[in-house]
Amino acid sequence: MSRGIVLLSFYITFFISACTDTNTKSTKVFHYNQPNIITSLDPAFAKTQNNYWAIEHTYNQLLDLNDSMKIVPEIASSYSISSDGLTYTFKIRTDIYFHNDICFKSEISRRLNAEDVRYSFYRLLSPELSAPGRWIFLGKVDSLHAFEASNDSTFVIHLANPFSPFLSLLTMHYCSIVAWEAVDYYASKFAEHPVGTGPFKLKKWANKQGLFLIKNENYYKKGLPLLDGIRISFIEDRNTAYLEFMKKRIDFFSGLQSSFAMQIITRDGKIREDRKDIFNLYRGNYLNTEYIGINLSQLDNDHPLRNKLFRQALNYAIDRKLMIKTFKYGVGTCAESGFIPPGLPSFDSVKLQGYSYNPKLARKLLSDIRYSELYKDSHELILYTNKDYLDLITFVARLWQEIGIKVKIELMETGTLREKMRSGSLTLFRASWIADYPDEESYLTVFYGSNPAPPNYTRFKNAQFDKLYENAIGETDQVKRTLLYQEMDQLIIEEAPVIFLFYDQIALFCQKNITGIIPNPLNLLKLERVDKKID
């Protein structure tokens, strides 16, 4: 028996078992695949998509993001900010209950209160836990009295200094509210036993094979989830998962693989005519900027990359439209308007003029700096990438070679590449920056001179930029802050510490009987209003 049949047999058995355990005849079960297994359902460790999608289903935060990425109350019913920008006060809803769980003993469940928020945030900040989400509060909150529960329905945060994007940080999954009883009861196994307040709750987790969630019948929001459950399988091979989708055994998948992309979409990123009656395609902006970074601290004084005209020439030499059509199947946007991608307020393709394909201008810039005479024979560019981007980076290297630049590619394993980017031992490297939260500061922090790597992998340091950044994070007026963000992005375009490649997009594929899927720029999978029609 083949491995694929064995896996499929397991998933069917697992699914039937999970449904039987619910003592219902549920049929509205939404099935999607995660090629990378879920490693933790502890929100403090919600670092990767495979984990935080599941946490999105099971937990809530003080604040949420609507379909337009605007901040809206969730566990908090309202909030206010003091005039000095240091004190954030939240009114906590009084109708929210944790999932029923044995950790509450005879009470079965209990109402969430402000003390739970205080506990969750202090836990996230704890050096003993050493959670990856600790950075959210580290250095931002008042070290003496960061969090305060004034009463059951009033929660207060005290910042050390004003930080205008702070509300956006609170929407992150790291900031989900947990029950202290669950943490205490499950101890080291808490990551396997989520006890949240979200629209779905854990029913069964079969180690590396799959996970099953069922509807939270006590969900506090208006209208219970429309689905009866969610089934998440862990089929590592994306081609196998794609075939399961085509057989209608999976309801949804995201992203494209070159091995099957042309079977479902055109080179322009549109669904093929012969597939339109089989499934739906949803596309949207993704807060992800793909780029080639230049480590400015690793350059000899006579290196051509020290000259911004050379860096600009590298940018002008790239045919981004052809790159997206060839390697991204049309799913992406040319990065011609700075580092901040579409989907954020300060993005303005008219106001911010970046680099379009102009090989003639690129050659002129090389001539202006006398590249062939002074640099070509002594400074060959070495561009580092991982295997997933080898084709794309080879395309870029050839375009540079066409205008006379000497360059070669070095292939490196992903983990090693990231470590060397962090240590600063690479000069030129392919990278991407995905927003953690929907604020432009999440992108501009990449170039703030006082920041280490990450996020400042380029070691960029510019006094004018740093001053603008410091003004922006203290500015409470959104219009003024947007203007500051645009001025900073224009400066990055001019100085070119990176080679801008493309702004990524999301491609979501759903069966025809699925409704309510809405792409969002953070690539969150929100399922509480998704429905599945049963024939």
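Me: Buried means under 20% relative accessible area, exposed means over 50%, and partly exposed lies in between, using a 1.4 Å probe and protein chains only. With that in mind, which residues of helix α3 are buried?

Reply: They are A114, D116, V117, S120, F121, R123, L124 and L125. A quick note before we go on: this is a predicted model, where local features need pLDDT of at least 70 and side-chain atom pairs count only at pLDDT 80 or more, while totals for chains, interfaces and linings use all residues. Residues are numbered from 1 along each chain as its sequence is written, and side-chain values use heavy atoms, with hydrogens and water left out.

Me: What covers the buried residues of α3?

Reply: The cover includes the strands β5 (87-92), β6 (147-151) and β7 (154-158), along with helix α5 (180-186). These names come from DSSP runs numbered from the N terminus: helices are H or I runs of at least four residues, and strands are E runs of at least two.

Me: How do you know how α3 compares with its expected span?

Reply: The expected span is 1.5 Å times one less than the number of residues. Helix α3 (residues 114-125) has 12 residues, and its first and last C-alpha atoms are 17 Å apart, close to the expected 16 Å.

Me: Which hand does the crossing of α15 and α16 have, and which residues make the contact?

Reply: The crossing is left-handed, a word used when the near helix is turned anticlockwise from the far one by less than a right angle (right-handed if clockwise). From α15 come Q464, F465, L468, Y469, N471 and A472, and from α16 come R481, L484, Y485, E487, M488, L491 and I492. They divide into nine nonpolar, two polar and two charged residues. Here contact means heavy atoms within 4.5 Å; Ala, Val, Leu, Ile, Met, Phe, Trp, Tyr, Cys and Pro count as nonpolar, Asp, Glu, Lys and Arg as charged, and the others, Gly among them, as polar.

Me: What about α8 and α10: how do they run relative to each other?

Reply: The axes of α8 (residues 308-316) and α10 (residues 359-368) come within 8 Å and cross at roughly 160°. So α8 is roughly antiparallel to α10. The crossing is left-handed.

Me: Why are α9 and α12 called roughly antiparallel?

Reply: Helix α9 (residues 320-327) and helix α12 (residues 390-402) pack at about 155°, with axes 11 Å apart, and therefore they count as roughly antiparallel. Their crossing is right-handed. In the contact, L322, M323 and F327 of α9 meet D391, L392, F395 and V396 of α12, giving six nonpolar residues, no polar and one charged.

Me: How do you know whether N523 is buried or exposed?

Reply: Its relative accessibility is 11%, so N523 counts as buried. N523 sits in the loop between β18 (514-515) and β19 (531-532), and has a positive phi of about 55° although it is not a glycine.

Me: And what makes I108 partly exposed?

Reply: Its relative accessible area is 46%, so I108 is partly exposed. I108 lies in the loop between β5 and α3, with a positive phi near 70°. Most residues other than glycine have a negative phi, and most peptide bonds are trans.

Me: Which peptide bond joins A453 and P454?

Reply: A cis one, with omega about -10°. The bond from P454 to P455 is cis too, with omega near 5°. P454 is found in the loop between α14 (441-444) and α15.

Key
Axes fitted to C-alpha atoms, helices over the stretch in contact; angles between N-to-C directions. Parallel < 35°, antiparallel > 145°, perpendicular 65-115°, else oblique.
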